Amino acid sequence: MPIYSRILGTGSFLPPKTVRNDELAARLAREGIDTSDAWIVERTGIRERHFAQDDVGSVDLGEQAALRALQSAGVAAGEVDLIVVATSTPDMIFPSNASLIQARLGCPGGAAFDVQAVCAGFIYALSVADQFVRSGSARRALVIGTEVFSQILDFSDRTTCVLFGDGAGAVVLGPGDAPGILASALHADGRQSGILRTPGRIHGGRVCGHPFLQMDGQAVFKQAVHVLEAVAREVLDKAGRQPGDVDWMVPHQANIRIMLHTAKKLGIPPERVVQTVAWHGNTSAASIPLALDAAVQAGQVRRGHTLLMEAVGGGLTWGAALVEY
Ligand code: UT7
């Protein structure tokens with residue numbers, strides 16, 4: 001009998017402080033930077049985002065999301081034998097967020113590592129954990145996406161600082177008799193690393209280069225609409241399913257225009273697209289598990305539903321997963 005992997009539970013956590021577009025615009029205006037709620041809503045769909053306090057890191061957020069996912073799955077922390085964390089804003093250069101979260105949860109001994117694929121990170125982490133569970137190498141895997149992008153934003157750059165927010169989401173994977181993760185596909189094109197990056201690094205105790213997020217938004221937009229439709233069709237084909245079989249699309253929440261354009265190309269109606277970008281902004285690797293948990297909590301996503309997850313991010317990286325929840 002083959003082993004399959006299933007999502008046993010979901011959880012998420014948002015730092016309590018919200019920043020509405022008009023509040024952010026007022027803050028930027030004090031620095032002589034012009035933006036508006038109307039521009040941000042029209043171009044992105046974002047209305048507000050959550051920002052963590054300065055002393056809160058992605059380990060703090062990820063730990064809370066993990067605890068909630070474990071509770072929803074009915075799994076004790078001590079049973080966890082794999083932690084994969086997707087993040088581009090880890091607490092430290094090393095050890096990994098996964099090791100730090102493992103220590104917080106009190107479940108030493110299993111494998112723990114981070115995956116760095118920026119906004120596609122959760123799809124990468126889910127696919128990796130799925131392969132551990134299906135091979136029998138892990139029985140209770142925590143897959144966490146957690147980010148504090150507010151801490152790498154350049155608040156003098158209006159083209160990026162209005163787009164991102166902080167948060168964390170998590171799922172617990174475990175073995176099942178029937179497929180849960182039906183198919184996944186991962187891709188990257190390193191030649192396009194320049195269009196979305198945070199190019200700073202530490203050298204000799206100093207920060208070298210530019211330690212803030214930079215993006216050529218139009219270039220990423222063009223790539224996104226192209227690769228997301230293609231990778232969505234790839235996982236549907238792999239699983240022998242049609243777009244009409246999808247109960248919910250749970251896309252990366254970067255821009256409502258990209259999400260709805262991709263859905264339209266696939267023939268998925270907008271009311272079947274989980275939409276949290278208005279309230280979360282772009283939380284990078286955290287956005288899909290945050291959206292998934294919000295939809296589970298709202299009673300939209302239910303057991304047996306077929307979910308299409310897709311994301312694109314810096315690297316350029318992209319991927320999709322078709323999941324029976
Ligand atoms: O999560 C990883 C994946 N990331 C993405 O998928 C993001 C992809 N890109 C996008 O979502 C969009 O390209 C943005 C939301 C970043 C930008 O939207 P756009 O419709 O592509 O706008 P644009 O870059 O073409 O800029 C239009 C205008 C420009 O002014 P001019 O040259 O027409 O006079 C910008 O300077 O809007 C201006 N602008 C702003 N105005 C007010 C740019 N940022 C702002 C701002 N407020 N915050």
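This is a predicted model: local features need pLDDT of at least 70, side-chain atom pairs count only at pLDDT 80 or more; totals for chains, interfaces and linings use all residues.
**Close-up 1. Packing of helix 7 against helix 8.** Helix 7, spanning residues 217-239, packs on helix 8, spanning residues 256-266, at an angle of about 40°, and the two axes are 10 Å apart. Helix 7 and helix 8 are therefore oblique to each other, and the crossing of helix 7 past helix 8 is right-handed. On the helix 7 side, the contact involves Phe 221, Ala 224, Val 225, Leu 228, Glu 229, Ala 232 and Arg 233, which meet Arg 257, Ile 258, His 261, Thr 262, Lys 265 and Leu 266 on the helix 8 side. Sorted by class, the residues in this contact of helix 7 with helix 8 are seven nonpolar, two polar and four charged.

**Close-up 2. Packing of helix 3 against helix 4.** The axes of helix 3 (residues 58-73) and helix 4 are 10 Å apart, and the two helices pack at an angle of about 55°, which makes helix 3 oblique to helix 4. Helix 3 passes helix 4 in a crossing that is right-handed. Helix 3 contributes Ser 58, Val 59, Asp 60, Gly 62, Glu 63, Ala 66, Leu 67 and Leu 70 to the contact, and helix 4 contributes Asn 97, Leu 100, Ile 101, Arg 104 and Leu 105. In the contact of helix 3 with helix 4, seven residues are nonpolar, three are polar and three are charged.

**Close-up 3. The cis peptide bond from Phe 94 to Pro 95.** The bond that links Phe 94 to Pro 95 is cis, and its omega is near 0°. Pro 95 belongs to the loop that runs between strand 4 (82-86) and helix 4 (97-105).

**Close-up 4. The cis peptide bond between Gly 315 and Leu 316.** Gly 315 and Leu 316 are joined by a cis peptide bond, for which omega is about -10°. Leu 316 is found in the loop between strand 14 (306-313) and strand 15 (317-324).

**Close-up 5. The positive phi of Val 118.** Val 118 is a residue other than glycine, yet its phi is positive, with a value near 50°. The loop that holds Val 118 lies between strand 5 (111-115) and helix 5 (121-134).

Technical notes:
Residues are numbered from 1 along each chain as its sequence is written. Side-chain values use heavy atoms; hydrogens and water are left out. Axes are lines fitted to C-alpha atoms, for helices over the stretch in contact, and angles run from 0 to 180 degrees between N-to-C directions. Helices (H or I, at least four residues) and strands (E, at least two) are DSSP runs, numbered from the N terminus. Angles under 35 degrees count as roughly parallel, over 145 as roughly antiparallel, 65 to 115 as roughly perpendicular and the rest as oblique. A crossing is left-handed if the near helix is turned anticlockwise from the far one by less than a right angle, and right-handed if clockwise. Contact means heavy atoms within 4.5 Å. Ala, Val, Leu, Ile, Met, Phe, Trp, Tyr, Cys and Pro count as nonpolar, Asp, Glu, Lys and Arg as charged, and the others, Gly among them, as polar.
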